[in-house]
Amino acid sequence: MHNCTRATTSFCRVTRGIRPSTPNMSVRQAPAYQQAQPERPLDDDSDVEEEALANDYRQQVGYTDGEGEDYGLERTDSLSSGPQDLQAQLQAAAQPLEYQATIETKIQSYDQYCNLFHFILNSEGPVDIEVPSPFWAWDVVDEFIYQFQSFCSYRQKVALQQATTQVNEEDVAVLRENPNTWGCYSVLNVLYSLIQRSQISEQLAARKRNEDPAPYMGEYGGRPLYQMLGYFSIIGLLRVHCLLGDFALALKTLDDIELNKKAMFARVTAANFSTYYHVGFSYMMMHRYADALRAFNHILIYISRTKNFQKGQQYDSIAKKSDQMYALVAICVAFHPTRLDDTIHTALREKYGEQLARMQRGGPEALPVFEELFRAACPKFISPTPPDFDNPQLNVDPIEHHLSIFMKEVKNNMFASTVRSYLKLYTTMDITKLAGFLEVDAETLRSWLLVNKQRSRQVRHTEGPLLEGEIVSANDLDYAMQGDLIHVAEQKVGRKFTEYFLRNCTRMY
Amino acid sequence: MAAFDFAIDRPENIEAILNGLDRYNPETTATFQEYVAQQCENQTYDCYANLALLKLYQFNPHLARDGTITNILAKALTVFPSADFSLCLSLLPVYTLVPAQNGVPPASGSLAEAVQHLSKLHDQLTSAGYADFWNTFEGDDLYADLVADVQGFEEVMKVRIAVVVSQCMQEVQRDVLEGWLNVSGAKFDHFVSEVCGWKIDGATVRVPLNKENEARSTLVRENVKFDQFGRLIKRAYEQPA
């Protein structure tokens, strides 16, 4: 197939494409699959020109190398469908692929996305199309990333199975020959191009400064289509970075978006959920458990309050994802004991009560629970590059990779709760005595105490971009060692009167 | 504390790359590599930029340089117990960390070997086994090679450990601290009194009180804002009882 030969050129074309100055879309790669499509340009009736375009098309199919700068002509492929076809394409782009889609369908779907985005981004001037539904932009971006993720996972699975069992050799061959299909550069290129075309970052930044965003919109940014696609591409990027294991960059992506109930993503429940899930997860992987809990809490409370208004199918998927999020909440609470909101607390006890108790007890018995919950609740991590089909032993499931990093953190922390439960009982304590209770030597206990103390110092977000934060003591138990003597001090929370006062005042009327 | 993506010594050109799409451009790999070398040399540190380089390697495995990766990891060790080391690991090729299916240890001189070795140091540091850390570090010649480019690695690690100690302890036995810092005798006296500014009193070392090692009980009080009463006041105003 032709794709192999094009691999190197398309690579530099893609990188060229995502520079700010040249937001050219150049993600199309496999024109051979589009042969079913008519080649007639939309608003063109000249035969001469049509022939020239057809020639150009043929050239591209047999294309091996070259500049490829003339994107203006390439666009004919994507414009080739009539307005009705376009509506069908728009619809299709937001529709999930069927579960048992063949590898050809998946690759074909990739090409269709490329064509569609190419058409939207690189037509002369903004395209004027009516979107099928108000949430279309989110659905498209969401489905696009989902297919990217599932394709990478599938590719990984084939490579892994290759080491042990017989796999479909044809599929391996197709995957080998299409290393750039659903490539991470293409996917990022699409998202970044949509963001740049719509100048959404500039608009959001202006809004943040309480300015009118209109002067920053440019030719494209004022149109709802571009605005929405750009906006949801930011949310999409958050997810992609998370899937690739770049948690700091994931949070950085949201610099221009303010996380609050008025934000645009909050109007689409699925987007709202996805945003907080990925923000919370990224915080968790950055060891900022208090911030992670805050994100999870916010969205879980929202879901529990609005569940009566949610519609059938969408609600089912949200409910399933909520369960995953509760597992993450359980993990964070085990790391960082906190008082939760009553609704969340009740639901958590109901769903993961036993697991939480085991994690809070700590020790080696807790490790399998952490592992089980992490596996159940983590994003479906992917590897950005195709697996090595020739050296199967090098292929490791990316989920195992992230799990092992996470478990290191768990192991370092697993005695924290045991130590804490004892310290709570005393104001001063001798190390050797406590070591005797815990059946360890003084040396080990001293290390546990140091670890626990460091862990209680956490970066916590107060205001501004998500990566910012202050180091605070995130623990209700503080202690210091004076030689072999431990001084323990407890942080007490005073009674809260305001709520009570206000509630009773309203009752009076 | 400043934001995670901020580094005080970051040159302007790096800042520009990080904020633009050039952070994905393989051509910037060389610039980032140079910057890592600079950080090793000048004892500065910029995790956010290093992660960007690891991401470039992640996307373009053929460009990856093992030496630079180990330098980045060694630099990340010097800021324990932060999450930096874990964040770097997340972007490494998957085969470096998870033991191969057949249980064969990684080949000598391979990236996997280096990563797993440094990872062991990291585990010991974050579980506060500082004496074990030094034993491991000095027990294998490979470690000296792995951190060779990082100027003053051992010195920085001593200071970092001392910082942790100052946050948790008011007094510590001399022999314990000697083990943790891996120095003894006159050198120990010098480090503790000159570099840290602590007092040696016979067999104990006294750490001056600071905000962290005081262990004082506190009472968290409710923070009442006027806004909370807004509705109540409005209501009282609109329909007087």
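Predicted model: local features only at pLDDT ≥ 70, side-chain atom pairs only at ≥ 80, totals over all residues.
Q: Let's start with strand 5 of chain A; which strand pairs with it over six bridges, and in what sense?
A: Strand 4 of chain A, residues 477-482, pairs with strand 5 of chain A in the antiparallel sense.

Q: Which other strand of chain A pairs with strand 5?
A: Strand 1 of chain A, residues 428-430, is joined to strand 5 (residues 485-493) by three bridges, again antiparallel.
A: Strand 4 of chain B, residues 218-220, runs parallel to strand 5 of chain A, with three bridges between them. Lys492(A) stands opposite Leu219(B) there.

Q: What is the general idea about side chains in a strand?
A: In a regular strand, side chains alternate between the two faces of the sheet.

Q: Now to helices: how do helix 7 and helix 10 of chain B cross?
A: The axes of helix 7 (residues 130-139) and helix 10 (residues 174-181) of chain B come within 7 Å and cross at roughly 40°. Helix 7 and helix 10 of chain B are therefore oblique to each other, and the crossing is left-handed.

Q: Which residues meet at this crossing?
A: From helix 7 of chain B come Tyr130(B), Ala131(B) and Trp134(B), which meet Gly179(B), Trp180(B) and Leu181(B) of helix 10. By class, this contact has five nonpolar residues, one polar and no charged ones.

Key:
Residues numbered from 1 in each chain as written. Chains lettered and ligands numbered in written order. Heavy atoms only, no water. Axes fitted to C-alpha atoms, helices over the stretch in contact; angles between N-to-C directions. Helix = DSSP H or I, 4+ residues; strand = E, 2+ residues; numbered from the N terminus. Parallel < 35°, antiparallel > 145°, perpendicular 65-115°, else oblique. Left-handed = near helix turned anticlockwise from the far one by under 90°. Contact = heavy atoms within 4.5 Å. Nonpolar A, V, L, I, M, F, W, Y, C, P; charged D, E, K, R; others polar. Pairing = 2+ DSSP bridges.
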